[in-house]
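This report describes a protein structure for a reader who is new to the subject. Please keep the sequence and the structure in view while reading.

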Amino acid sequence: MMVLRRLLRKRWVLGVVFGLSLIYFLTSTLKQEERTMRDRTLLEVRDSDHRIPWKVRFNLGNSSRQITQCRNSIQGKTLITDELGYVCERKDLLVNSCCNVNAPSSRQYICKSCLANGCCSIYEYCVSCCLQPDKQPLLEHFLNRAAEGFQNLFTAVEDHFELCLAKCRTSSQSVQHENTYRNPQAKYCYGESPPELLPV
Amino acid sequence: MFAGSGVKVAVFDTGLSEKHPHFKNVKERTNWTNEKTLDDGLGHGTFVAGVIASMRECQGFAPDSELHIFRVFTNNQVSYTSWFLDAFNYAILKKIDVLNLSIGGPDFMDHPFVDKVWELTANRVIMVSAIGNDGPLYGTLNNPADQMDVIGVGGIDFEDNIARFSSRGMTTWELPGGYGRVKPDIVTYGSGVRGSGLKEGCRSLSGTSVASPVVAGAVTLLASTVLNRELVNPASMKQALIASARRLPGVNMFEQGHGKLDLIRAYQILNSYRPQASLSPSYIDLTECPYMWPYCSQPIYYGGMPTIVNVTILNGMGVTGRIVDKPIWQPYLPQNGDHIDVAVSYSPVLWPWAGYLAVSISVAKKAASWEGIAQGHVMVTVASPAENDSEVDGELTSTVKLPIKVKIVPTPPRSKRVLWDQYHNLRYPPGYFPRDNLRMKNDPLDWNGDHIHTNFRDMYQHLRSMGYFVEVLGAPITCFDASQYGTLLMVDSEEEYFPEEITKLRRDIDNGLSLIVFSDWYNTSVMRKVKFYDENTRQWWMPDTGGANIPALNDLISVWGMAFSDGLYEGDFTLADHDMYYASGCSIARFPEDGIVIAKNLKDQGLEVLKQETAVIEGVPILGLYQTPSDGGGRIALYGDSNCIDDSHRQKDCFWLLDALLQYTSYSMTPPSLSHSHSRVVPPTGTDRPLPQRLEGNHLYRYSKVLEAHLGDPKPRPLPACPHLSWAKPQPLNETAPSNLWKHQKLLSVDLDKVALPNVRAYRPQVRPLSPGESGAWDIPGGIMPGHYNQEVGQTIPVFAFLGAMVVLSFFVVQLTKARSKPKRRKPRIKRPTYLQQQQQQQTTTTTTTTGKNPTV
């Protein structure tokens, strides 16, 4: 106890304690500042080194399945697309959130309801179609010249699946006169061009 | 200690400045407008964010929550659907948990926007939105708060009265054939609430904009208390909020929804929640006044139009669900349940998290002259795919009971029954149907639904008080039995008529049905003049009809030698000792010579609108009464203006005139005050002037149920089939229900007494009522959520630094006490924080006329 008290009385010990606290305090404050600054640049140019990790094609087969837990498209009324590109009915979703590949409804990389311009009537098929490995050059091309309004969105996208989920959603590109769809049928687009403009 | 940690909250508003002292966890700010800033220039967004998450002075509910600021409104309060679409997509990507939208607009037919809101909730984003500031008028609910999947919030003051501004009335999506849903979902403080000021400090603000973040903050706090976050979804949160809400006495469900937010009870319910389905409202008691107004205002009887109650099914089990088999109707035999017939229609798929269950109730023939109360219930089983079930094809199911109680009376005589024509009323959205009173330039659209339970509510109440039974016709004129009704009431009709309807009405009137028409203006020059550039859709808007569709009405009444003109008149006058105001009405151009016609001197408003000149026209025929010649034939009454029976922008009501006209049409009693009036004139023959023609190139066919596009002029469609209800096969029960249905409704498997209270008790709002004069004044520090956080302001300072400082401090204490003999080297100085208080005036709300989303200040 005496030792501790004597130690505490030493001015340099106190100085060190105080100094360390001060440094910690300042760094944590500054770190917060820095983070806000980075958020702000979101509005500006895309990081040139931001790369989308393109998903390599998985070897499929019941045993060699390399994924244990899937992300999927969550929102669907009846259909769901998992991150491997399978579309299935909700009832055929497994506990790990992947489609049961053996279910009759499950199909991989399916472009049903999609038109030649890359716009589909059903969101889940759009995502599945977009996940086809051969769509990668198209998506890369799009990312490189994404419209300004999409900077926020596509800078935050982490991989091929997230990109397809985001790209297929209706957006400012999908509307005319703000409150009507350019094409109420084929409105989910993985391609570069907006939906074909139909007359009101 | 819960304060919203780990919950991502998005505020869609006017932005937030970077270094606002009230916020410790602003994760990200993004801008979606065309202005190159992230900062709030108005104070609206800062206030809203403060109510949710401010950590000092006027404290919010959840200071530890992760704030995501989305700037979607410019400093000029401009916003576009397309900005929202992109911002919403980003919110989905960021996996936002709670999203506050203190924003709303009348356009529930903005499909890209409405679809996107569904998409958000389908991605488990809990949407909280302001119901709108267009009260006390009914039929003023704003989108997206009026959506089933969104938590729509209304405002109350600190005395628990519904705030005057809070929008109310049923949803109007379902008209004319169906009936609206109950909204708002809940109410909370929205008047004189304190929140963060633009740069610093606090201010107080009123509006449903304020009520919405109170709920969003509460929802954030609640979400952070739940151990198993999987259970929190847009439906379960809404179920917990409405099951726990405290009902306000004397207020109906179309004003207060389920009542006032109760955070503690919501906590208890949410923390013992098991996934299930529930109903909103949870029971149907058509005798319960005033909560079940308007249902409780008129008993049902045999032969009447079925009473429809549009119940919302909330499904906490999954984003998608379905109704298993069919809902079952079980009348209680001891309680005369067999005296009613019930038909149920419902959403084929409950998505996202919700669906409708429309219950139509009719009286069975055997009770045609019976009076009494009938009870029973509808059983519904909802199933959702099990997400955490190991079996394939696993389903969660939940069965809910909807108790029903109705009052039946013997069918009233024909003369007492009035039929309101809803089918021929068109409104905004979808088309530009202009307001009936042209003086109201800041509210150019006819958007309140034109229903007896929305903006014709006062008229309905009046007719009920006079003993009339009012029913609504949501189908073509060919679809009702005219022998049952005394009078058909057509007010401010914009729709066209099928040729079959015209023929049928003529036959009905020959057989004794009477007709009252309250028309409105229709002048093509004025219609061209009132076109405007709509900022929201970035296009010119030309009205598709005038206040009413006079060319169509003239087609309907021409067979009796009657017609309205395209004149446009305005002015005050006295009729039968009543002060009257004619607001933008038309005149009668033709009337049979043996009819009674009243004329008045009025201003030519058409001239005023077109040329800014004033002229008084003498003897404008505005009212006509006519007895059709056939034996037992009905009577027809025409009046040129509907504004005096419409609640919106009404200056002087003319319910007395409606009474007089109904006396005439229903009982054949000609009011002497009209037949012997000094203003009575010779009926106009109108042959000197051509009758009004439809505006060339109008787009009415786009919104009409009657017309369809055709080469050349639009043509009537084929007459649709009349609605047909298939009555549910009753499965009678020998059971009785309690007389008070409300008390027995709650979420399943929740025993409130068994749930321990958390330490969120201190968050119970302790609000200080603000008297009208001091709304801008400063409140005691602590704001709307006092207590706890005052001691916690220092939480941002890292714990280590704090400990270090304590060591230093204790050293000095030791030094002081142990070594008094030594001369003092230093005197510790303690700096007291001082609160800089500064007065700020409450922002005065400027109303902008837009069809799109407005910040509901």
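In which sense do strand β6 and strand β7 of chain B pair, and over how many bridges? Strand β6 (residues 126–130) of chain B and strand β7 (residues 151–156) of chain B pair in the parallel sense, over three bridges. Two strands count as paired if DSSP finds at least two bridges between them.

## Basis of the report

This is a predicted model, in which local features need pLDDT of at least 70 and side-chain atom pairs count only at pLDDT 80 or more, while totals for chains, interfaces and linings use all residues. Residues are numbered from 1 along each chain as its sequence is written, chains are lettered from A and ligands numbered from 1 in the order in which they are written, and side-chain values use heavy atoms, with hydrogens and water left out.

## The two chains

Chain A has six helices and seven strands. Here helices (H or I, at least four residues) and strands (E, at least two) are DSSP runs, numbered from the N terminus. The order of elements in chain A, starting at the N terminus, is α-α-β-β-β-β-α-α-α-α-β-β-β. Of the 200 residues in chain A, 46% are buried; buried means under 20% relative accessible area, exposed over 50%, and partly exposed in between (1.4 Å probe, protein chains only).

Chain B has 857 residues, 61% of them buried, and its secondary structure comprises 16 helices and 36 strands. A contact means heavy atoms within 4.5 Å. Among contacts between residues at least 6 apart in sequence, 78% in chain B join residues at least 24 apart; the corresponding value in chain A is 51%.

## A parallel sheet in chain B

Strands of a sheet pair through backbone hydrogen bonds, either parallel or antiparallel. In chain B, seven strands form an open sheet with parallel pairing, in the order β2-β3-β1-β4-β6-β7-β8. Its edge strands, β2 (26–31) and β8 (186–189), each pair on one side only. From one strand to the next, the twist averages 25 degrees.

The UniProt annotation "domain: Peptidase S8/S53", from an unreviewed entry, covers residues 4–259 of chain B. UniProt positions are given in the numbering used here, feature names are shortened, and annotations may be inferred rather than shown by experiment. Over residues 4–259, chain B is 27% helix and 18% strand, and the end C-alpha atoms lie 24 Å apart.

## A hairpin

Strand β9 (residues 193–196) of chain B runs antiparallel to β10(B), and four bridges join them. In this pair, B:S196 stands opposite B:C202. The two strands form a hairpin with five residues between them, and B:G201 in the turn has a positive phi of about 65 degrees.

In a regular strand the side chains alternate between the two faces of the sheet. Strand β10 (residues 202–205) of chain B is covered on both faces: B:C202 and B:S204 are buried on one side, and B:R203 and B:L205 are buried on the other.

## Helix packing

Helix α2 (residues 81–93) and helix α3 (residues 111–122) of chain B pack at an angle of about 10 degrees, with their axes 10 Å apart. Axes are lines fitted to C-alpha atoms, for helices over the stretch in contact, and angles run from 0 to 180 degrees between N-to-C directions. The helices α2(B) and α3(B) are therefore roughly parallel; angles under 35 degrees count as roughly parallel, over 145 as roughly antiparallel, 65 to 115 as roughly perpendicular and the rest as oblique.

In chain A, helix α4 (residues 136–144) and helix α6 (residues 160–167) pack at about 70 degrees, with axes 12 Å apart, and are therefore roughly perpendicular. A:L139, A:F142 and A:L143 of α4(A) meet A:H160, A:L163, A:C164 and A:K167 of α6(A).

B:T220 is found in helix α4 (residues 208–225) of chain B and is buried, with a relative accessible area of 0%. Leaving aside neighbours within four places in sequence, its contacts include B:V7, B:I52 and B:V98.

A cis peptide bond, with omega about 0 degrees, joins B:C289 and B:P290, and another joins B:W293 and B:P294. B:P290 is in the loop between β12 (284–285) and β13 (307–315) of chain B. B:A576, although not a glycine, has a positive phi of about 50 degrees; B:A576 is partly exposed, with a relative accessible area of 24%.
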